[in-house]
Amino acid sequence: MFKQVHTLILKELTLEWRQKYALNGILLYVVSAVFITYLSVGAKQGNIAVTTWNALYWIIILFSAVNAVAKSFVQEHQGRQLYYYMIASPEAIIVSKIIYNSFLTLVLALLGYLVFSIILGNPVQDQGLFVLNLLLGALGFSACLTMVSGIASKASNNATLMAILSFPVIIPILLMAIRVSKNALDGLDWTVSVDKVLTLFAINIIVAVTAYILFPYLWRS
Amino acid sequence: MRTSWWKILTIGLLLYTLIAGLLLDVPRLPILNETIRALHFHVTMWFGMIIMLVVAVVNSIKYLRSNELKHDDMAIEFTNAAILFGVLGIVTGMLWAKFTWGDYWSGDPKQNASAIGLLMYFAYLILRNSLTDVHQRARIGAVYNIFAFAAFIPLIFVLPRLTDSLHPGNGGNPGFNAYDLDSKLRMVFYPAIIGWTLIGTWLATVRVRLKRVERIVEDKMINQVS
């Protein structure tokens with residue numbers, strides 16, 4: 001099981017590295033999205049309210065994550081999926097995809113944070129909490145989106161379906177992440193945020209475990 | 001399911017809910033006043049919706065374990081009935097909110113969460129309609145139904161409790177259950193929950209039976225041709 005997961009994650013990394021255009025595309029997506037927001041709100045550096053900064057940041061991360069994860073089951077064609085079906089257990093596949101996608105989402109979130117800090121200013125007062133929150137958010141997003149992209153890949157008109165299926169399911173995670181992130185921006189004491197961080201973690205666990213249990217049924221069809 | 005005693009019971013309970021809920025004496029509370037009667041309609045419809053969603057999820061699990069289409073029929077029709085009650089619940093809630101909070105929509109966490117919950121189930125219907133093969137539709141629908149339910153529970157039961165809500169019983173507002181859900185209200189409240197749930201079940205079972213008949217007719221037509 002662990003060996004399988006390990007091999008599959010290596011496979012995802014190699015595949016991504018070979019088709020660099022997909023990775024570069026999504027990175028450029030984040031940068032352009034941040035820049036469009038910057039121009040649209042017409043904000044000079046540091047001129048933007050903290051709550052707005054927070055909301056814009058998470059919306060951009062949400063959309064980039066949806067775009068990045070959406071391809072996880074589509075990019076490989078049917079024949080190869082059948083091959084994985086024969087050599088690997090579905091549990092190993094979903095675990096490896098979730099881990100890989102969390103890594104990808106985390107990279108996107110960090111890149112977004114960097115670009116945000118450069119052009120919109122960096123009002124974050126508690127870096128540690130903010131990054132921890134990013135890590136948890138990335139985990140939750142990827143668990144939820146990986147599962148939904150598996151579901152959407154079985155149906156036609158993929159892009160719309162991916163969005164409408166994932167948004168309502170992801171909202172609990174997004175809301176908790178935004179609240180913790182607000183606390184980090186205001187530099188509040190960790191004791192204020194600890195129950196929220198735990199709730200976020202618990203929701204992540206619920207989503208991930210549900211995905212883990214349900215994926216074999218999806219994979220078989 | 002064809003027995004009729006529980007249908008008579010449903011009609012009786014709902015008639016009782018309507019008459020007693022609208023006419024019986026209710027406790028006078030500041031702000032709430034007569035709108036406390038919404039308890040018998042709005043709150044009970046949400047209870048009915050949750051119960052029916054649980055039935056739907058149980059049927060989805062049964063489908064995944066057995067691959068029998070009859071469980072899928074139950075799952076989709078109970079979800080349909082639950083969506084109907086969800087829409088009614090949100091509309092009655094908005095009417096009530098207009099008279100007590102002053103606005104149809106005041107951004108209350110519970111209001112928002114229930115709207116998101118409805119979005120989830122509308123997405124479920126669209127997902128099902130975008131799949132053409134019956135078995136694939138049933139299987140993928142069941143997977144999404146269970147997955148959405150797992151996200152729905154923290155959404156409506158956990159998150160609103162972390163922030164102040166305008167709802168009675170939250171954020172220092174007078175609650176129904178603390179001191180004023182007195183025996184008079186209870187006398188209508190519990191029968192109303194049972195009544196609404198039963199009429200939802202009735203709706204769902206009628207549609208399940210219709211679906212079964214349609215399937216048999218379809219099978220017959222296909223067999224005639226070949």
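A residue counts as buried when its relative accessible area is under 20%, and Thr199(A), at 14% relative accessibility, therefore belongs to the buried residues. The model discussed here is a predicted one.

**Thr199(A) and its surroundings**

- Thr199(A) is part of helix H8 of chain A, which covers residues 190–220.
- A polar atom in the side chain of Thr199(A) lies 2.6 Å from the backbone oxygen of Asp195(A).
- When neighbours within four places in sequence are left aside, the residues in contact with Thr199(A) are Met176(A), Val158(B) and Leu162(B).

**Aromatic pairs**

- A pair of aromatic rings is described by two values, namely the distance of the centres and the angle of the planes.
- Over all chains, the structure holds 18 aromatic pairs; one of them is the edge-to-face pair of Trp6(B) and Trp202(B), with 6.5 Å centre to centre and 65° between the planes.
- Because Trp6(B) lies in helix H1 (residues 5–23) of chain B and Trp202(B) in helix H7 (residues 183–225) of chain B, this pair ties together parts that are 196 residues apart in sequence.
- Trp6(B) counts as buried, at 9% relative accessibility, whereas Trp202(B), with a relative accessible area of 25%, is partly exposed.
- Phe85(B) and Trp196(B) also form an edge-to-face pair, because their ring centres are 6.2 Å apart and their planes stand at 75°.
- Since Phe85(B) is in helix H3 (residues 69–100) of chain B and Trp196(B) is in helix H7 of chain B, the pair ties together parts 111 residues apart in sequence; both Phe85(B) and Trp196(B) are buried.
- In chain A, ring pairs link a cluster whose members include Trp53(A), Tyr57(A), Trp58(A) and Tyr113(A).

**Charges over rings**

- The charged end of Lys20(A) sits over the ring of Trp17(A), at 4.9 Å from the ring centre.
- In chain B, Lys98(B) lies over the face of Tyr104(B), 5.2 Å from the centre of the ring.

**Where chain B meets chain A**

- In this interface, 24 residues of chain B are in contact with 28 residues of chain A.
- The two chains bury about 2,400 Å² between them, and 82% of this area is on carbon and sulfur atoms.
- Between chain B and chain A the count of salt bridges is 0, while 2 residue pairs are in polar contact across the interface.
- On the side of chain B that touches chain A, the elements giving two or more residues are helix H4 (109–130) and helix H5 (134–162) of chain B, and H5(B) provides the largest share, 14 residues.

Note on methods. Residues numbered from 1 in each chain as written. Chains lettered and ligands numbered in written order. Predicted model: local features only at pLDDT ≥ 70, side-chain atom pairs only at ≥ 80, totals over all residues. Heavy atoms only, no water. Helix = DSSP H or I, 4+ residues; strand = E, 2+ residues; numbered from the N terminus. Buried < 20%, exposed > 50% of the residue type's maximum accessible area, 1.4 Å probe, protein only. Polar contact = N/O pair within 3.5 Å; in protein donor to acceptor, adjacent residues only side chain to side chain. Contact = heavy atoms within 4.5 Å. Phe/Tyr/Trp six-rings, centres within 6.5 Å; stacked < 30°, edge-to-face > 60°. Lys NZ or Arg CZ within 6 Å of the ring centre and 35° of its normal. Buried area = accessible area lost by both parts, 1.4 Å probe. Salt bridge = Lys/Arg side-chain N within 4 Å of Asp/Glu carboxyl O.
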